[in-house]
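This report describes the fold of a single chain and then turns to two of its residues.

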Amino acid sequence: MLNETLTALADPTRRAILARLAAGEARVTEVAKPFAISLNSVSKHIRMLERAQLVRRRVAGRDHYLSLNPAPLDEAADWIDRHRRMWTATLDRLDAVLKEEDHA
């Protein structure tokens with residue numbers, strides 16, 4: 001699921017959709033309104049966000065409502081944090097070794 005999340009986040013339009021949904025549930029047409037692209041194009045972005053499980057869809061009659069699902073973002077943030085800690089520790093060890101060599 002992490003790959004799908006990162007792929008979905010790679011596009012600025014999809015990130016903007018998520019930012020809008022962070023403010024609360026919205027109809028698909030409301031989400032699409034600020035974009036200078038077709039409703040069909042916005043729908044393709046929404047489908048990718050749904051595949052990554054970042055967006056949930058609720059149907060009420062003819063209206064489709066979208067909401068943010070933050071769980072995949074939490075998973076991605078945890079992965080990034082683990083790797084940041086690992087690389088920080090590795091680079092700190094390298095820095096210590098290089099400082100030792102400078103003083104030798």
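Contact here means heavy atoms within 4.5 Å. By that criterion, and not counting residues up to four places away in sequence, Ile46 touches Ile17, Val28, Val31, Arg57 and Leu66. The model is predicted, so local features need pLDDT of at least 70 and side-chain atom pairs count only at pLDDT 80 or more, while totals for chains, interfaces and linings use all residues. Residues are numbered from 1 along each chain as its sequence is written, and side-chain values use heavy atoms, with hydrogens and water left out.

The chain has five helices and three strands, taken as DSSP runs (H or I of at least four residues for helices, E of at least two for strands, numbered from the N terminus). Along its principal axes the C-alpha trace spans about 75 × 25 × 20 Å, and buried residues (under 20% relative accessible area, 1.4 Å probe, protein chains only) make up 25% of the 104 residues.

Ile46 is also among the members of the largest nonpolar core, of 16 residues, that touch the most other members; such a core is a set of buried Ala, Val, Leu, Ile, Met, Phe, Trp, Tyr and Cys residues joined through side-chain atoms within 4.5 Å. Helix 2, helix 3 (28–32) and helix 4 (39–51) each supply at least two residues of this core.

Arg14 lies in helix 2 (residues 12–22), and its side chain makes the following polar contacts (N or O atoms within 3.5 Å, one able to donate a hydrogen and the other to accept it; residues adjacent in sequence count only if both atoms are side-chain atoms).

| Partner of the Arg14 side chain | Distance |
|---|---|
| His45, side chain | 3.1 Å |

Key. Buried < 20%, exposed > 50% of the residue type's maximum accessible area, 1.4 Å probe, protein only.
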